[in-house]
Amino acid sequence: MVEMTERTGCVVIGGGPAGMVAGLLLARAGVEVTVLEKHADFLRDFRGDTVHPSTLTLLDELGLGEKFHALPHSELRSAGFPTEDGEMMKLADFSWLKVPHPYIAMVPQWDFLDLLAESARKEPTFVLRMETEVTGLVREHGRVDGVTYRTAGGETGELRADLVIAADGRWSQARREAGLVPREYDCPFDVWWFRLSRREDEEGGMLLPKMRDRRFAVPLPRPGYYQIAYLAPKGADLRREGIEAFRENVAQICPEFRDRVGELRSMDDVKFLDVRLNLLRKWHVDGLLCVGDAAHAMSPIGGVGINLAVQDAVAAATLLAEPLRRGRPPAAALAKVRARRLAATLLVQGLQRLLHRGVVRAVMAGRRNGPPAPMIKLFARFPRLSAVPARLLGLGLRPEHAPAFARRPMEPAGR
C-alpha cells in the first residue's frame, strides 16, 4: 500500500454525465481537473440513456454533434399516455421545439460517456482516473481541501484541490460527509429495469407507457431491443415472487411482449432502482459543490435526470472557470450555481410530483388505467399544450449553452 499526496485545480467525483461534462468544460478553460471514477469502464446496464434536445445542442456547440449522431441511437419525437378508451393522449410533442434536434436521442450511456472522455483527454489539463474510488474528504482550516482515494490495486492517497465537485449520484458519499442532507419528497414507486428484443418492424418514435390493472411499464425503444421500466409500488419485493410471476406481469401489461418474456431467464436479468426524488437546500460547503443527482435526485418520469445534471455541470463550469483559474473559488461563487439552477430544478420536480400523484399513484391504486379525464380533455381540445411539457422535459426552464471558452469547430464523425 502506497500513500501519495498530490494536488490539482479541481477534483470531480464520478464519471457520469455531470462529472464528464464538468471535467471537459473546465479543462477547455485551462483548469487542471481530475475526474475520479470508481469503475473500470462505463459499461453498466440501465443507466439513463436519454439525451435531450438541449444536450444535443450543447454537443453541437462543443463540436461533438456529428460524432454523437454517428453512434447507434434511436429518436423519440413525442411522449404520451394511453387512455382507457384505447386512444392516446400526447403529453409532449418535441416537434414544437425550435431547436436543431427536436427529439430525445436514445443512446447507450457508455457510448455517450466514452465520447466525452475521448474529447476531454485531448485537453492537456484533463486527467481521468478509472478504478479510483473516493473514500473521504480532506478538510483543512474549516473547508474541504480535497479527497482521499483508493485504487483497484490497493494504493491509497490524497488529492488536494481548490474545489471538489461531487457528481457521485443520489447516494453521494461526499454529500453525506459534508453534512448536506436532502429533503425527500414522496415517491410512490420503484423501478425494475430489464431488456427484451425488438423486431425491425416495430416502430419506436414515440414514448408510450403501458398502464393496466394496477401495473405500469415504460418500454424505451433502442436499436435492436427495448429497455423497459416496470414500475412497482414502493417497497414491493418482486424478487421474492420469482421470475415466472414477473414474466406474467409483464405479459399482462404488454401483451405484445408475451412471445419474448422468456428471454428473462431469472430475476438476475432484472435490475432494481430505488427511486428517490429529493433536493438539497444548500448545494455547497466551502470547497465542495454538489451537482446532478447529488444535489437533486430526479424521478425517472420523463427521463430528465441526465438533462438537468448536464445543465448543472455547464452552469458550474461557466460560473467557476475564472475563479478556479485564480485559485480557490469563494463559497459565494459556489452558491451562484444553485441560484442559477434552482428554479429549473423545482419546476421539473414539480411536474414529476404532479404526474406521480395524478397518474402513477392512481394507476397503482386501481382507480384508473390512464391520466385523469380532465387532463385528457384539455390536451385533446388544445393540442398545442403538448409544447409546454415538451419544453420542460426537452429543454428545461433555463437551457445552458457552452461558454465561449469551451466551443470548438465541429469534428467530423470519422476522426
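Predicted model: local features only at pLDDT ≥ 70, side-chain atom pairs only at ≥ 80, totals over all residues.
1. Domain layout. The protein chain is assigned two parts: domain 1 (4-79 + 104-185 + 281-376 + 389-406) and domain 2 (189-233 + 235-273). Taken over C-alpha atoms, the centres of domain 1 and domain 2 are 28 Å apart. To the contact, domain 1 brings 29 residues and domain 2 brings 25 residues.

2. Area of the domain contact. About 2200 Å² is buried between domain 1 and domain 2, and carbon and sulfur atoms account for 68% of it. The elements of domain 1 that give two or more residues to the side touching domain 2 are β4 (74-76), β5 (78-82) and α9 (331-364). Of these, α9 gives the most, with five residues. Sorted by class, this side of domain 1 has 15 nonpolar, eight polar and six charged residues.

3. Specific contacts between the domains. How many salt bridges are there between domain 1 and domain 2? The count is zero. Polar contact between domain 1 and domain 2 is found for two residue pairs, both at pLDDT 80 or more.

4. Salt bridges in the structure. The structure as a whole holds 36 salt bridges. One of them joins Glu123 to Arg28, with the closest N and O atoms 3.8 Å apart.

5. Aromatic pairs. There are five aromatic pairs in the structure. Why is the pair of Phe68 and Phe112 edge-to-face? The ring centres of Phe68 and Phe112 are 6.1 Å apart and the planes stand at 85°; planes over 60 degrees apart count as edge-to-face. Because Phe68 is in helix α3 (residues 65-69) and Phe112 in helix α4 (residues 109-120), the pair ties together parts that are 44 residues apart in sequence.

6. Gly303. This residue lies in the loop between β21 (288-290) and α8 (305-326). Which residues does Gly303 touch, leaving aside those up to four places away in sequence? Gly303 touches Thr50 and His52. Between Gly303 and Pro102 the separation is 201 residues in sequence and 16 Å in space, C-alpha to C-alpha.

Technical notes
Residues numbered from 1 in each chain as written. Heavy atoms only, no water. Domains from an automatic or database assignment. Contact = heavy atoms within 4.5 Å. Buried area = accessible area lost by both parts, 1.4 Å probe. Salt bridge = Lys/Arg side-chain N within 4 Å of Asp/Glu carboxyl O. Polar contact = N/O pair within 3.5 Å; in protein donor to acceptor, adjacent residues only side chain to side chain. Helix = DSSP H or I, 4+ residues; strand = E, 2+ residues; numbered from the N terminus. Nonpolar A, V, L, I, M, F, W, Y, C, P; charged D, E, K, R; others polar. Phe/Tyr/Trp six-rings, centres within 6.5 Å; stacked < 30°, edge-to-face > 60°.
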